Amino acid sequence: MNPDLSLLRGSPFVALRELLDPLAPQTNIKPISLTIGEPQNQPPELMKRVLKEHDHLYGKYPPGDGTVEQRTAIVNWLNRRFTLPEGMVEQDTHITPVNGTKEALYMLAQVLTDRSDPAAEKPCILIPNPYYHVYYAAAIMAGADPVLLHANRENNFFPDLDTLSEDVLSRCTAFFLCSPSNPQGTIANRAYLIKALELSRKHDFVLIMDECYTEIYDQAPPTGILEILKSEGGSLSNVVAFHSLSKRSSAAGLRSGFMVGDPLITRAMLNLRNFAGAASPLPVCAASAALWADDEHVASNRTRYKTNIDIAEKHLEGRFGFYRPPGGFFLWIDVGDGVEATKKLWTKAAIRVLPGEFLSVTDHTGFNPGRQYIRIALVFDPEVMEEALSRMVNVL
């Protein structure tokens, strides 16, 4: 067995089951699970129709780089969403469709970690803390040191880039950065992204932007890294970004996304995926193209999530450090002790939430930046969210 497997942290959702399954929930009310970022509204009819129209293609092996139609729709969406000049992103060199971004985020660390010189210092990968759990596993299994950077409220829940030491930067091969952030729902501003980009090019590491929540926002569209690259001359070197239909189109089960960026990296990733990745079936490629070409259903999704944030604000304003998340659909609530609050909400209100501690790593001083928080996914219909948040306030 690979000994690095012993270094992996358990899945936060497995940890949650181990925490709550032995406990009896309140029994006279219907349980509500607000743990996972899984949209509960149905995918657009457009997706279902296109899948049906192309179901005769399930018998064919799909190409690893998707279809021309899919990549064209992706480039057109990028140009439209981030106001890019024609030709800045090319479908045959800058785009790699992936069968869900989870797998691809994990695999990219394999592409970027150089282990050819056993005498060299061990490479490292920078990860915000709290974080999406795939980042940590990706670093470990690529043979890199995961360097956890605390993302605290005083820094808008993004790591303080000024605290990075020369030793860390000299060993750095990649930096995972999520904006809008998961779990906190904050957005990296232009100055922050420019600074991260400048560091990546000065120290020759890859800035990996996880922008899978970029279409779910409260007021203003989040700035994307491609907009920064446009303003900095248009080169895509040292940068890749990930986008997905899971949240944008409420199509988590479609397992369809893409990476865009530095052609040296996107081509290397495509080469690895030809051995170790699953290509999307042709009907999925067709549905993907149709969804990236349509913005109407996305605006409808945003309206629904904004309604849920309104409900949350009504119940939580002035309590638990509540703030309106400018992006995504999570609440990051300060309850003092996230684990104890999670158990209380389950046993007293039949509501499952996720302790922030399960999304964070404790540092050498014993500090865990997620310990006092819980994450709440605002993914149900407004009626369900109204009931859930009312119960929560009564119990907490």
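**Close-up 1. W332 stands opposite R375 in strand 12.** This view belongs to a predicted model, in which local features need pLDDT of at least 70 and side-chain atom pairs count only at pLDDT 80 or more, while totals for chains, interfaces and linings use all residues. Residues are numbered from 1 along each chain as its sequence is written, and side-chain values use heavy atoms, with hydrogens and water left out. Strand 12 (residues 373-377) pairs with strand 9 in the antiparallel sense over five bridges; two strands pair if DSSP finds at least two bridges between them. Strands (E, at least two residues) and helices (H or I, at least four) are DSSP runs, numbered from the N terminus. The order 9-12-11 describes an open sheet of three strands with antiparallel pairing. Its edge strands, strand 9 (330-334) and strand 11 (354-355), each pair on one side only.

**Close-up 2. Strand 3 (residues 124-129) is largely enclosed by the rest of the structure, because six of its six residues are buried.** Buried denotes under 20% relative accessible area (1.4 Å probe, protein chains only). C124, L126 and P128 point one way from strand 3, whereas I125, I127 and N129 point the other way, and all are buried. In a regular strand the side chains alternate between the two faces of the sheet. Strand 4 (residues 145-150) pairs with strand 3 in the parallel sense over six bridges. Within strand 4, L148 is the bridge partner of I127.

**Close-up 3. H94 lies in the loop between helix 3 (68-82) and strand 2 (95-98).** H94 is buried, its relative accessible area being 11%. A polar atom of the H94 side chain lies 2.8 Å from the backbone nitrogen of E90. Leaving aside neighbours within four places in sequence, H94 is in contact (heavy atoms within 4.5 Å) with M88, V89, L236, M259, V260, G261, P263 and T266.

**Close-up 4. Helix 1 (residues 12-20) packs against helix 13 (residues 338-349) at an angle of about 60°, with the axes 10 Å apart.** Helix 1 is therefore oblique to helix 13; angles under 35 degrees count as roughly parallel, over 145 as roughly antiparallel, 65 to 115 as roughly perpendicular and the rest as oblique. Axes are lines fitted to C-alpha atoms over the stretch in contact, and angles run from 0 to 180 degrees between N-to-C directions. From helix 1, L16, L19 and L20 meet V339, T342, K343 and W346 of helix 13.

Key. Buried < 20%, exposed > 50% of the residue type's maximum accessible area, 1.4 Å probe, protein only. Polar contact = N/O pair within 3.5 Å; in protein donor to acceptor, adjacent residues only side chain to side chain.
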